Amino acid sequence: MTASTFAPLAPDAPWVVLKFGGTSVATVESWRTILRLASARRAEGMRVVVVVSALSGVTDALRALCACPAAEREVVLATMVARHRDLAVQMQLADTEQMERWLASLAALMPDGKAVEGRLLASNHSWQAAVQAHGELLSSSLGAAFMTANGVATEWLDVREALTARELPFLNARARMLSAQVQADPNPAFAEALAARGGVFITQGFIARDAAGETVLLGRGGSDTSAAYLGALLRAARVEIWTDVAGMFTADPRRVPGARLLQHLDYEEAQEIATTGAKVLHPRCLSPCRRARVPLWIKDTRHPDLAGTVIGPQPAETVPTVKAISSRRGITLVSMETSGMWQQVGFLADVFALFKQHGLSVDLIGSAETNVTVSLDPAENLLDSDVVAALAADLAKVCRVKVIAPCAAVTLVGRGMRSMLHRLSGVLAEFGRERVHLISQSSNNLNLTFVVDEDMLDGLSPRLHELLIRAGALRTDDAGLFGPSWQELYGTGAVQARQPWWHGKRQRLLALAGINPSPSGRGEGGEGSAEAGGWSRNERSPALREALRARPAAASRGGRGGNPCTPRYVYHLPTIRERARALRAMQSVDRVYYAVKANAHPAILGAIAQAGVGFECVSPGELAAVDAIADARGSPRLFTPNFAPRSDYELALEGPESRVPGAGTLMTLDSLHPLEHWPELFSGREIMLRVDLGRGLGHHDKVRTGGAGSKFGLPLDQLDGFLGSARENDVRIVGLHAHLGSGILDASHWPLVCGQLAGIADRIGSVRCLNLGGGLGVPSHPGEAELDLGALDAALCEVRQVYPHYELWLEPGRWLVADAGVLLARVTQVKQKGTINYLGCDAGMHALLRPALYDAWHDIVNLTRLGAPADTLYQVVGPICESGDVLGADRHLPESGEGDVLLVARAGAYGESMSSHYNLRELAPSAVIE
Ligand code: LLP
């Protein structure tokens, strides 16, 4: 118990208000935390006010005490006394005089209606307030004694000196005493007087006094509000709300464990999130801070070093993003319909008068020509079925009424919601599958709310969270804004996201990009790496060859002023092997074929063949690429072209692999045309049939391959015709195939396809195997969940039990190679236009088409400045003469300069294979590393 020696405070030392809730004051350990935090602030040269709630459970006990018959009060009171005395013993307090005084004053209040502190109480509500106030009076007395005894001289402050309730005419007598509001404007005189008294204070949350000097309560969440009032009054440097969570999250973490901590919010956004569902902060506590421009921090007592959520004024420049999904249950909708409403003057005035009459406040409003629907929020209304029924009866006199309950309101919160609407199509589609009763967009452009049936809520929030991230509407790449996930902070088990392989290979990659400590400059493959083999991808187009012949000097530099090493793809073979092993280990899948179109690098094909994976090819070129790989000689192959010319099929049937025993190429047909027009090619052979299951899925419209709008697969209404033609021509259908699209992260997709194919296969009779296609997605946005391969395997095993007579095949491309590849680029120029920073690099849409074609998201990092704060917002663009040549929009990167190496992540699939000579630029070369 040594007294801390703090340096004297400067005359203008700032104030800080620290608030601790009931669980944070209930044990000695938690008081030690308070002591530590308060001393730390004081040591930083701040004046400290600690605001505390009653010990956990005490307010409820006091409320119960007010409600129970006088005869039973003694028992409750005795428990209360024992609880506080016990804690005082544990705290080893020598001085409990003040606590004892409050215990005595509480006991004196037990026969209600008595005078308190010599003054006569005005009403039963006053009595309840006086009784319940004792929770905080007691806890703060214990705190003052404990802190002082432990070295931090702490003055007990009666908060009623500082906070006076406002006279609000709309409050009834009960609310005036039990849910009062305080007008807290900065009061320099009060601050000065307090500063003269000391440097560390402890005071009560939840209570204030009214103009007559009687104790009033501030209602639920009142202690947060007290801290905010005091912060405003003292114009504190900040108010810190210490609690058991790190702050506000992007969604309710109990439903969405991947929900991310929101590290910054402006007052209005925080207000919106608090009002629409988040429980961590009482919505009322924001406006005092906002008015006085006092920042409010939410901090976790268990993770004091974590930044938590900082709420303050709106920052000058931000990228619009959805910040949170919040939800409220127990919403009642009242739908009012009248054919006469249109242009009927005063209809709304009439119906709203009835709401007022029944004391109900309306929250959301949706209106159509003949219908107005409004929501009643239980947080704002004392909703019981009698009140609603009485309202409905009155409304029925002027319109047709329907009460819809229970509903839930799901709200997307973010500044600039309207400018994000184009990103929300996936989210809207999700709602489209459900019954939405009402949609409302707030006039402050901060929220978009959907009212749905309450029972939908549990499943909906995680799906929406995922969709928002995927759509780039919830910009989880902004590491300054979105902190760790709930799971990472509080989850059990290993949830820490794995670092991508390239983190450990920075030097190697910089060397491959031409930043080479060795003088050789080129060919820095070195140990364990191999430069791209000389297959067709590195050949120049005839036009480029011609052009470069005329300019040999430029050619050797990859274009004038260009870097010979970038743009360049680099592939990490161990990642590919690991992926191949994981697929081969699936219990439910008999064969895996790699979709060569994703990446046909010879070293990749070799590694995949060695892992026992077959190949799915769609062109003679792809077949030839596989033929060229020694390790792929015996690998099974599929040929799955679409609208290919007859000559392609002929070529595939004659290919060298068909001469290798057991390794023949199995042909997949997906229309009637080949059978009807070239039956001789297939006669006497076994084939697969690709069907169209009528729907498509995937990361973008352009990669969804189902339904009449897509050119793939045999429509099922032509199945009988196909079977007839096959019979006629002695063609045996041994397999059924469906591939509905690419970039699917929902593991339930393939079992569904499997069930459907099995149903069709049973009708055909000759089918042995079901090829469920590829499409296995990889997450692209930070924080997006991985496809759960284990769940997929388990679900497919279940389907297999129903259809044990079929082999199951998969033919993924992306999943095997995407994560293994990065694209390296060098910064060419930077340019500012207005407020926009353009960061130019030598990799444009010719090197990586996916962002331009699909709005695909690839993480981009500045490898040269890896780890530097990513505090500059860039549009990362390439050198191609199109406005669509944007590699990444609105990217947070360290301030970057010419020559810096950028790394574009997850570029192993459909990157190099879709690159082109556009603008007569060279193809990006590639390297593989171990
Ligand atoms: N099977 C068939 C019949 C396919 O058409 C495809 C891909 C696959 C398998 C492999 O799909 P994966 O597992 O890779 O999703 N360029 C687009 C992707 C187009 C996919 C075309 N077909 C992209 O960059 O996202």
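Trainee: In which strand does Pro406 lie?

Mentor: Pro406 belongs to strand β15, which covers residues 400–413. Keep in mind as we go that this model is predicted.

Trainee: How should I read the backbone there? What is the peptide bond from Ala405 to Pro406, cis or trans?

Mentor: Start with the general idea: most peptide bonds are trans. The bond from Ala405 to Pro406 is cis, with omega near -5°.

Trainee: What kind of peptide bond joins Thr566 and Pro567?

Mentor: Thr566 and Pro567 are joined by a cis peptide bond, with omega about -5°. Pro567 sits in a loop, between α19 (552–556) and β20 (568–572).

Trainee: Thanks! Now for phi. What is the phi of Asp855, and where does Asp855 lie?

Mentor: Again the general idea comes first: most residues other than glycine have a negative phi. Asp855 has a positive phi, near 55°, and is not a glycine. You will find Asp855 in the loop between α30 (850–854) and β32 (860–862).

Trainee: Is Asp855 buried or exposed?

Mentor: The relative accessible area of Asp855 is 68%. The cut-off for exposed is over 50%, so Asp855 counts as exposed.

Trainee: And what is the phi of Leu920?

Mentor: Leu920, also a residue other than glycine, has a positive phi near 50°. Its place is the loop between β35 (901–904) and β36 (926–929).

Trainee: How does Leu920 count, buried, partly exposed or exposed?

Mentor: Leu920 has 43% relative accessibility, so it counts as partly exposed. That class lies between under 20% for buried and over 50% for exposed.

Conventions: Residues numbered from 1 in each chain as written. Predicted model: local features only at pLDDT ≥ 70, side-chain atom pairs only at ≥ 80, totals over all residues. Heavy atoms only, no water. Helix = DSSP H or I, 4+ residues; strand = E, 2+ residues; numbered from the N terminus. Buried < 20%, exposed > 50% of the residue type's maximum accessible area, 1.4 Å probe, protein only.
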